[in-house]
Amino acid sequence: MFRILIATVMLFITALSVSAQSADLQTILQENSKAVERSSRTTISPILDALLESESTNISTLLENWQSKKLWMRKSDGLFFFVENSDADPIELIDIESNEVAGTADKSDLKELRPNSGVRAVMASTLVRFQLIDEDQIQRTNALTAIERDPDESHLDVLRGTIADEPVTAIKTRMERLERLLTIRFDKDSTARVDAITHFAGDTNIDVRAVLNPILATQIKTAKEIPETENVAQRLSVGNGITHDAAYQLLVDNNLAPQRITTKARDAALVANIADGKIGGFDVASLNTEARRIEAYQALASKESVPPFITEEAAQAALDAHVFYDAYIEQDSAVTDAARNTVRSINTRVGAFQVADLGLDALSLASIYFLAAIGLAITFGVMGVINMAHGEFIMIGAYTGYVAQQLIPDYTLSLIVALPLAFVVAFGAGVALERLVIRHLMHRPLETLLATFGISIALQQLAKNIFGTQARPLTSPAWLDGAWVYNDIVSISYIRIAIFVLALLFFALLLFILNRTRLGLEVRAVTQNPRMASSMGINPDKINMLTFGLGSGIAGIAGVAIGLFGQVTSELGSNYIVQSFMTVVVGGVGNIWGTLAGASMIGGLQKIIEFFNPSNTLAAQTFMIIFIIIFIQFRPKGIIALKGRAAGD
Amino acid sequence: MQLNKVTRRFALAGATTLISVSMLFSASAQEETIKIGVLHSLSGTMAISETTLKDTIEMLVDQQNEKGGLLGKQLEAVVVDPASDWPLFAEKARELLTVSNVDVIFGSWTSVSRKSALPVLEELNGLMFYPVQYEGEESSKNVFYTGAAPNQQAIPATDYFLEELGVEKFALLGTDYVYPRTTNNILESYLKGKGIAAEDIFVNYTPFGHSDWSKIVADVIALGADGKKVGVISTINGDANVGFYKELAAAGVSAEDIPVVAFSVGEEELSGLDTSNLVGHLAAWNYFQSADAPANAEFIKTWKARMGEKRVTNDPMEAHYIGFNMWVNAVTAAGTTDVDAVRTAMYGQKFPNLTGGTAEMLPNHHLSKPVLMGEIQADGQFDIISQTEPVPGDAWTDFLPESAVLKSDWATLGCGMYNTETSTCVQIKSNY
Amino acid sequence: MERSFLIRQPSVLIFIGLLALFTIGATILSEGFGLGLISTSFIKTLGKTLCLCLIALAMDLVWGYCGILSLGHFAFFGLGGYMIGMWLMYARTEQIVINSLANAPLPPTSGEIRDAIGSQIFGVVGGSEIPTIWTFAHSFPIQLTLVVLVPGLLALVFGWLAFRSRVTGVYLSILTQAMTLALALYLFQNDSGLRGNNGLSGLQNIPGASNVSQDTISIWFLWASALALGLGYLFAAWLVSGKFGSVIRAIRDDETRVRYLGYSVEAYKLVVFVITAVIAAIAGALYYPQAGIINPAEIAPIASIYLAVWVAIGGRGRLYGAIIGAAFVSLISSWFTSGQVPDVPLGFYTVKWVDWWLVLLGFGFVLVTLYAPKGLGGLFDRLVRRQDA
C-alpha cells in the first residue's frame, strides 16, 4: 500500500515537472488514476480533453483499447497497460505509448478496467475526429454511428471538413444526411437550418423526427400581455387548452397570485391553533367533518390568526387579468414554421406506415395462432375429439427441437433435422394416445376431454422431471436473426416471417391432403358418416389413428416454431390451448379454411384492440374473448359452418 | 381405539384415515433434529425459479450438518410444494409451523405468495426468510427480507441510467403484478422528482408468460422520435423475458441505442437464451456469479459439484446463503431456536456476503448490501461495471408521499409501520 | 312430496347422517374444541374440502343431470369469494385505520378514514383510491347479497345468450371456458379494482373476531361449510327427484326430443345453470375465508377442468359421486404435496412424490375414465349391491 502511495507521489512530482504540453499518456492517466479506474460519464471528459491536448499519436489506440476493455491496471504500481490476450498466463503487458511489449504479470496483480457504456459512448464521440479521417472504411462508418448516437456540436465542423474528400458514395450520402441533421440542431444560421429542415419533408426515419420534434417543443406561459420577443405557438384560454386549476397554479408558480390554502395546510393551521381543546371556539372533538373544519378555519381567519381562503371571485379576477399561451422554446419563428410544415408532412406518412406495421403484426400473430390450432382443427374438427393434451404435443415438439440442438451443434442443420423429427415424435405420441385411450372413448366424446386432460398434466410434469423446470434455449440459426426492415416504422423479424411461411405451407399441404389424396377422401368419408364409410371398405380405426397422428405431428412442428420465437418450458403448450380451441370454434369446426379465418380474426382483433390501448395488453385479451363470446352468439357454428349432414348434431 | 372407529366411519375416501394417522405420527415425533421448512414451489409456473432455491437450502443444510449441525443437533429440511398456487402458501405455512413444527421457514418468491403466508406467520409467530428482491412497503415482525428493497436495486439502477447513460425518456415495462406495479410507481415518482416530465415516462404491463412482443418493442423504439435518449427499465418476470429479449435482438436494438436494465433477469433466466445479441444490456442485483471474491468461488464450486457444471448461481441464492448463515449464527448466539429470541439476536447480525463485503441485518428486517450493475455478456454471465458501498434496505420508500412518513424499527420501536408524523404505530401486523 | 323424495332416496339421509357425524367427530378431535388430535391446518383443509364438495355437487347438477359440461363454474365460485372478500378486507382495514387515527390531533373525518382505508388496501398494488365497485364493501348484508346476486346475474346473462342461440355440447364447454378465462384476465389487471394478481388477502382474519383464535374460527367455518353442503345436498336431491329432475335428465339424454314434447329446453337449462352458479358462489364465499387469499389464478380455466374431473372420478349423475370425487382428489392432492409422503428409493433413482405425484394423478384420470366410467361412485354402488345380494 505504502509503495503504491510513494509511486503515485513520485509520478505526480514527475508529472508536475514536465510541462503540460508534452505530458505523455501514462502521466495523464496517472494524474487521474482514480477517475480512470472507476470511470464515469460525468468525470471522464476532462481526462479525454487532457489526452487530446497531449497531442500524442497513440490517443486513438488508447481510447479504442480502453473502450474494448483491453486497458488494464497493474495493482502493484498503478500503471496502465494494454492487454491483448487476457487468458494467457502470465499475461503479456503492452506499453500504452509505444505499443511494445513491456513485460508480463500474473493475473492476480492486474485489474481490468471496465468503462460502462455511458463512458464508452463519450469515448466513441471523442474518437470521431480520428476515425473520420481514417483510411479504413469501417472506422469511418463507426464514426458516423457514434455521431448518430451521441451528436455533439463539435462534430459539425469535423464532418463538414471531411465530406468533400470522402471517396465511397454510400458513406458520403450518409455523411451528407448527418450533416443536415447536425445543421438543424447546432448551426447558428437560420437559413441553413430552414433549408436542411425542408429537405427532410416526408422522411419518416426516426432520427429526422428526433431532430425536428424538439424544435417544436413548447412551454405554457402566462403574462399580463404576450411579450414581443416570444415565438408563440398558440394562445390558450382557460377551459380551452388549459384547465382552470392548472392556469391558477401557473399564476401561483410565477408569483402572480397567492397560493390556495390546501386541505393539508388548513388542517395543520387548525392543529397549530388548538387551545384548551378548542379551535376558534369549536370543540376539537366536533371537527370530524369537512364542513366543521372549514367553519373553524374561517373563525380563525376572521380573527386574522391564519390567512383567509382565496375566494373563487378573487381567483377568477386573477385569471382574467392574465393571458396564457404556448410558446416555442426555439426562438426563431422561421425555423419553427419550417419544422411545423415538415413534421406535418412526415406525420401523415408515419400514420400510414403504423397501420401497415400493425397489419404485419396481426398477420404474424394470426399465423402463430393458426399454426398452434391447425393440428387441433384436424383432431377436434375432423374427429370430434377434444384433445386437451394438444398443447403438450406442441411442447413435445419444442423439446424435440431443443434435444436436436443439443446433439447437433450447427443451428441450421439441427433445425432441418428438428422439424421432421418433431413431426415424427409427436406423430408417434399421437398415435399411441389414440390407440391406448381415445379409441376406447370414441362414443363418449366429453370423456375424452377428461382422459386427455389427465394425459396433459402427466406429460407436463414428466417434461419437468426430465428437462427440469428451467426454460430451455432453442436458438434460431443466424440467418433467421434480425428483421426485415422497410423503414423505421415498418419491420418484422425474420423468424416471424418464417413462421408465417410455415403456416402457409401447412395450410396448403393440409388442403392438398384432405382434398386431393386418397387419405383425405377417406378421412372426409369417416368424418361424415363412419358407418357408411366402413361399409365401403374403409377402416375407420386406421383412418382415425392416422388423422390423430397427423394433427399431433403438426402440433409438434408448431412447437419447434413457437419455441424459436418464444421460450421452451413445460408450460409452453398450455399457454396456447385455450386460444387454439377458440380459434377452431370461431372459425368453424371441421374445416381448414375456418381455422384460417378464425386465426386471422383473433390475431387481427387482438392487435387492433392493443393499438387503441397500448399500455395494457391484458385488457386487449379480455376484450377479445368477450368479443368471441358475443360472436359465437350470432354464429354458433363459427365463421365457416359446415352445411348439410356433415354438420352432425 | 375410539379414534379408529370414528375415522373409519368418516372415511369418504381412504385418504382421510391416512392423513389423520400421519398427522398424529408427525405431531408426536421426537424433537431430535432442528427442522427447517422450505416453502418453495416445485411445480407450476414459479417452479422455474423456486426449485433452485430449494436446492440451495438443501445444500446449505447439508453443509451445516457436515460442520456438526447446530446446538448439537442435526438440521433437517422439510420440503413442501405449494405448487405456485398462492392460497397453498398459507396452507403449507400453517402445516409447516403446526404439524411439522419447523423452527424457521425459507421460502416464497412472488409477493403475492408472501402476502398469502404472512397472516399465518404472524398469527403463529413463525419466522420466514424471504430471499427475493421485492417492492418494499412492508415490514413484518415475522419475516426477514434478505432480497433487495427498491432502494437497493431499482433506485440505484435508475440513477445509473440518469447519470451514466444520460437517459431522458423512460419505458417502464413490467409484468402485471404487484412488484412491477409498485416499483414503477416509486420510479415514476422518483423520476418526476428528478425533473423527468410525465409524458417522458411510458408504462406498459403485460400478462405473465407474454410472448408477443413485437408491438411493444416497436412502441419503445418509436419513443425516440422526440430526440431524447430512451432507456428501458424492465420488471418483466420469468420466462416472458426470453421472448422479449429475442424480439429486442431481432429488432436490432443495441444496448448503445436503447439500454435495457432488468430487475428480474439473472444468470438463471439468461441460461434459457442465446445472449450474443444482448451484450451490453444491463441488470441490477446485489450479487452476480461473476463477482470476483474467494467466498464466491467456493460457493460456486460447491454448487456446481452438487448440481452439475451447467448450473449457475444467482442473487436470490446469495440472499438465502446470507439469510441461512445469519440465522445459524443468531441461533448459536441465542442458544435456542425460539423465534423471539432468535429475532432479537438477528438484529445487527453481520455476515460476509459473496461479493466481498459484509451484509448486516437492520432493525427493519432488511439487509444492507451493495448494489451491483452488470452488463450482459455473450456467455450468459454479467460483467460487473459498478458496485456501490453497502446500501441499507428501506422498508418504506421515501419517494411515495404516503410511505415517506413511515418507518420500521423492530428493535427499539417494536413496530414495522411507524408513522413518524404522528409518532404512532399504525399497526403491529402488516398489511396484506 | 318432501317425504317421498327422502324415502325414494335413502342415500340422502345416509349422507346427511355421515356428514353430521363427520363434523361432530372432527370437532371433537380438533384443537379448537376438543382433543387436539387434528391440527387446525387440517381442519381448514377439511372445511375447504367440504366447500369443494359443494361446488362439485353443483357441477354434478349441471353436467351429470342436465348434460351441460360447463368448464366455467369456478368463475362463479371465485366471484362469490371476491364478494365476501371485499367486505372482509374493508371491515378489517377500517378497524385498523380507526384505531390508528384515534391518536391524530383532529378527530378523523369520514373522508380521511376512507382515504386511509384506500391507501391501506390499495397501497400494496400501487394505488390509493377506493374503486366504485367497492361502494358497498362496508356493509356485510349488502355484500352477502352480492355473493348470490353477482354470480347469479353473470350466469343469467351468459346462459341466456348461450342457450338462446342453441350453443350446445363441446361448443358450450369451450364458451364457458372462454368466459372464465376472460374473467380471470380481467381480474388480473390492476385496473379492475380488485388488486390484480395479488387479489384479496388476509381473509382468514374475521373482522370483529380479532381475539378469537384460528383454532376456533376454523371450526366455525367447518360447521358453516358442512351446513351449506348438507342443505345443498338436500336441495339438489329434492330438485332431481321431482318432475324438474326428470325433465333435465331427459334434456341430457335427448334435447331435441324434449323440445318436440313442448318443453322450453332453454328455460330449464337456464334455471339449472343459474341455480348451480349460485350454489358455486356460496361455496366460494365459504371457501376463501378459510383459504385466506383469493386471486385471479383461482378462476383460471384449469380449475374448472379439475372440477369436471372430480365429478367424473366420483361418478356423475349421482350426487354422492360428485362429493366422493371432490373429497378424494383434493385430499389426496393435499397429502402428496405436503412433503410427508416418504420417497421411494429404487436404487438407481429415488421417486420423490412432489415430482411424480402429478404424473400419477394424470394417469389416474385416464385409468378411471377408461376402466371405471361410472367413477368411484360406480364402484361404491357395485360394492353396496354385492353386500345387498
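Trainee: Why is Glu304(A) called exposed?

Mentor: This is a predicted model, and the call rests on a count of neighbours. Glu304(A) has 8 other C-beta atoms within 10 Å. A residue is exposed if that count is 12 or fewer, so Glu304(A) is exposed.

Trainee: Where is Glu304(A) placed, and what is its phi?

Mentor: Glu304(A) is in the loop between helix H14 (290–302) and helix H15 (312–320) of chain A. Its phi is near 60 degrees, a positive value in a residue other than glycine.

Trainee: What makes Asp276(A) count as buried or exposed?

Mentor: Asp276(A) has 6 other C-beta atoms within 10 Å. The limit for exposed is 12 or fewer, so Asp276(A) is exposed. Asp276(A) lies in the loop between helix H13 (263–272) and strand E9 (278–279) of chain A, and its phi is near 55 degrees, again positive in a residue other than glycine.

Trainee: Turning to chain B, why are E1(B) and E3(B) called paired?

Mentor: Two strands pair if there are at least two bridges between them. Strand E1 (residues 33–39) and E3 of chain B have four bridges, in the parallel sense, and therefore meet the rule. Within E3(B), Gly107(B) stands opposite Leu39(B).

Trainee: How many bridges join E3(B) to E4(B)?

Mentor: Two bridges join E3(B) to strand E4 (residues 128–130) of chain B, and these strands run parallel. At least two are needed for pairing, so the two strands pair. Phe106(B) has Phe129(B) of E4(B) as its bridge partner. E3(B), helix H5 (residues 111–123) and E4(B) make a right-handed β-α-β unit.

Trainee: What makes both faces of E3(B) count as covered?

Mentor: Val104(B) and Phe106(B) on one side are buried, and so are Ile105(B) and Gly107(B) on the other. Buried means 20 or more other C-beta atoms within 10 Å.

Trainee: In chain C, how do you know what span is expected for H13(C)?

Mentor: The expected span is 1.5 Å times one less than the number of residues. Helix H13 (residues 319–336) of chain C has 18 residues, and its reach of 26 Å from first C-alpha to last is close to the 26 Å expected. In H13(C), 16 of the 18 residues are buried, so the helix is called mostly covered.

Trainee: How many residues of chain C are in contact with chain A?

Mentor: In chain C, 40 residues are in contact with 43 residues of chain A. H7(C) gives the most to that side of chain C, with 12 residues. The residues of that side divide into 30 nonpolar, eight polar and two charged.

Conventions: Residues are numbered from 1 along each chain as its sequence is written. Chains are lettered from A and ligands numbered from 1 in the order in which they are written. This is a predicted model: local features need pLDDT of at least 70, side-chain atom pairs count only at pLDDT 80 or more; totals for chains, interfaces and linings use all residues. Two residues are in contact if their C-beta atoms, placed from the backbone, lie within 7 Å. Ala, Val, Leu, Ile, Met, Phe, Trp, Tyr, Cys and Pro count as nonpolar, Asp, Glu, Lys and Arg as charged, and the others, Gly among them, as polar. A crossover is right-handed if, with the strands pointing away from the viewer, the path from the first strand over the helix to the second runs clockwise.
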